[in-house]
Each structure stands twice: as C-alpha cells, then as structure tokens.
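Colleague: I'm new to this one, so please walk me through it slowly.

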Amino acid sequence: MSQSGPREVEHEITVSAPAADVYRLIAEVENWPRLFPPSIYVDHVERTGTEEVIRIWATANGEAKNWTSRRVLDPERLRIGFRQEVTTPPVAEMGGTWIVEPLSASTSRLRLLHDYRAVDDDPEKLKWIDEAVDRNSRSELAGLKDNLEFVAASQELTFSFEDTVEIAGSAKDVYDFINEAGLWSERLPHVATVRLTEDVPGLQTLEMDTRAKDGSVHTTKSYRVCLPHEKIAYKQTTLPALMSLHTGYWTFRETADGVAASSQHTVVIRPENITAVLGPEAEVADAKAYVRAALSTNSRATLGHAKDYAEARG
C-alpha cells in the first residue's frame, strides 16, 4: 500500500557550543566533508543574496549518491531551508530545514527536519530512503556535535598543505592520468594493488594498497568526485593509523606554458595513535611532519608520472 503525501521526520541533538557557531558551521558547505561523515564533496552552483544552489556528493547506505539542492539562509532566525532540485532515484522529492535553538550562551539544540517522497510512492523505495535519512541524519548530527565541541583540540590537530608541479602538456592529459586510477598499479611504483569502481560516471570508489618508504603497505579507501578536466575531489574513508580524517583534491589549471597540477590535502591527526606508530617521545608536531612527508612524497611521485605521461603525449 503506497503512502499519500510526503514523509516527515525530525532528528535533533544538543551541542555544547553557541548557537551562532553551530549555524555558521552548517552554512559553510565547503567544510561539510570535514564535518559530516557521509559527505564526500560539496560545491556552489550559484549564489544570489540569501539563496544558493549547491551540489552534494555523499554516501547513503554504503552507496555514493549526488544531488543538487537549493538553500535559503536565514542567519537572524538561525534557520536554513533546503530543497533538492535534482534528485537521484529512489528519491522523488526531498527537502527540509536546519533549525538552531540557543539553550544557553554555550549550549544549543540543533534540529534537522526532512520531508520526502519515493519514486512512484513505492513502499520498498520509501523504506530505503527512511533508513538512509535516519542513518545519515544521526551521523551528520553526531559529527557536527563532535567537531564543534572539540574545536580547540582539532585546531591543533588539523592542517592543510598543497604540492604543485608545472607540466608542459595539456590539462586533459594530466587529468586523464589522475582520473584513470585503475591503472595506477601499472603506472606508479608506490601503488601495489588498486580496485576502482565507477558505477556512476564521475563518481568513483577507489581502494588501493600503497607502499611507504619503510616498505610497509597501507590500505586506503576513498570516494572521488571527478569534474573534467579541472578537479578531482576525494575523501578517504579507510585511513592509516595516524589520521582520523583525510580529504583533498587534485586541480589542473592551464597556464601560458602548459598546466599547473596541484595536490591538496587536509588532515586531522589521531593523537591516541602517535606513540604506537612513532614511539614514546613523539608529539603532534612529529605526527604532522610524518604524515605530511608521506602524503607529499606520494603526491609528488604521482604528479611526476602524470607529468611524464602528459609531456610524452604532447
């Protein structure tokens, strides 16, 4: 028996942070992959006053999905309304509201409202959406709560950096090399094995075993959003012991002499694993240096091989 009308559900959580901070964090969608576990990548399509259109890539029930939403920002009332403009089956219609309510100067209640319908009002499809909305809402709210309440600690543990290589070739060829990660075990000495799936064009799941300088092998899993021939954004979901978060992107910017290819990383260190990995005397600064060296070495090696590939084709 099909359901008439949209399903309406609500989730909420209490956050030990000022309401204005909670609102601001939700409003800054560029940070969502760092704040909300299901989010892979978010960008703006358009902005006009208090209205904006955003594209969101996220996982739902273990599957990568993407959609477009229109948002209306209300900073005075601490509310953000959202409505999907382009949905992905089995979702036929999806919208809702973020509502932030101050409980005290340092505590707030965050409410997340959803309303949605399934394609053809199919009960099985609606059940799938129910489960996805419930899982993602709980995960998003818990992630937001943690990131707000531990902001002081995460400031020390979070860092970003970027490596750039100038290439006398085309942006398309460099992009193709990074996009074709399924061939990396043949093209990159530091990649032992690789498993790439791309059920939806431009949305990849990448698992690979990477060799470190000391000979150890690390397994990672990432979701990648590929935007030809300008950018490949990713979020790792299976991480080495020293990292609790790793997001990044590859960019390909045309220059007068060819292309500037860059690899950007944002990392949060996992402090409880520092001494086990680096020894009893190691501190956060040592972990940052170690992780940066490892990631930068691999990124520069990948960009170097991309450079050889593109310049040979050019």
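**Starting from a strand residue**

Modeller: I99 counts as buried, with a relative accessibility of 6%, where buried means under 20% relative accessible area, exposed means over 50% and partly exposed is in between, using a 1.4 Å probe and protein chains only. This is a predicted model, in which local features need pLDDT of at least 70 and side-chain atom pairs count only at pLDDT 80 or more, while totals for chains, interfaces and linings use all residues. Residues are numbered from 1 along each chain as its sequence is written, and side-chain values use heavy atoms, with hydrogens and water left out.

Colleague: Where does I99 lie, and what is it in contact with?

Modeller: I99 lies in strand β6; strands (E, at least two residues) and helices (H or I, at least four) are DSSP runs numbered from the N terminus. Leaving aside neighbours within four places in sequence, I99 is in contact with L78, R79, R109, L110, R111 and L113, contact meaning heavy atoms within 4.5 Å. The C-alpha atoms of I99 and V22 are separated by 9.9 Å, although these two residues are 77 apart along the chain.

Colleague: V22 then: what does V22 touch?

Modeller: Not counting residues up to four places away in sequence, V22 touches V15, A17, V100, S108, L110, L144 and L148.

Colleague: And which residues have the most contacts inside the largest nonpolar core?

Modeller: V22, I26, W98, V100, L110 and L144 have the most contacts inside that core, which has 29 residues. A nonpolar core here is a set of buried Ala, Val, Leu, Ile, Met, Phe, Trp, Tyr and Cys residues joined through side-chain atoms within 4.5 Å. Helix α1, residues 19-27, gives the most to this core, with 6 residues. There is also a second, separate core of 24 residues, which includes F177, I178, W250 and A306. In soluble globular proteins, nonpolar side chains tend to be buried together.

Colleague: Switching to helices, at what angle do α5 and α8 pack?

Modeller: Helix α5 (residues 171-179) packs against helix α8 (residues 284-313) at about 135°, and their axes are 9 Å apart. The axes are lines fitted to C-alpha atoms, over the stretch in contact for helices, and the angles run from 0 to 180 degrees between N-to-C directions. That angle makes α5 oblique to α8, because under 35 degrees counts as roughly parallel, over 145 as roughly antiparallel, 65 to 115 as roughly perpendicular and the rest as oblique.

Colleague: Which residues meet there?

Modeller: From α5, D173, V174, F177 and I178 meet T302, H305, A306, Y309, A310 and R313 in α8. The residues of this contact divide into 6 nonpolar, 2 polar and 2 charged, with Ala, Val, Leu, Ile, Met, Phe, Trp, Tyr, Cys and Pro counted as nonpolar, Asp, Glu, Lys and Arg as charged, and the others, Gly among them, as polar.

Colleague: What about Y175, buried or exposed?

Modeller: Y175, which is found in helix α5, is buried, with a relative accessible area of 3%. Apart from neighbours within four places in sequence, Y175 is in contact with C226, L227, P228, H229, E230, K231, I232 and F252.

Colleague: Which peptide bond at H229 is cis?

Modeller: The bond from P228 to H229 is cis, with omega near -20°, and H229 is placed in the loop between β11 (217-227) and β12 (231-238). The bond from P89 to P90 is cis as well, with omega near 10°, and P90 lies in the loop between β5 (79-86) and β6 (91-102). Most residues other than glycine have a negative phi, and most peptide bonds are trans.

Colleague: Speaking of phi, what is the value for L78?

Modeller: L78 has a phi near 55°, a positive value in a residue other than glycine, and L78 is found in the loop between β4 (63-74) and β5. L78 is buried, at a relative accessible area of 15%. D121 also has a positive phi near 55° and is not a glycine; D121 sits in the loop between β7 (108-118) and α3 (123-149), and counts as partly exposed at 24% relative accessibility.

Colleague: Last one: what does V291 touch?

Modeller: V291 has its place in helix α8 and counts as buried at 4% relative accessibility. Not counting residues up to four places away in sequence, V291 touches F159, L242, M243, V267 and I269.
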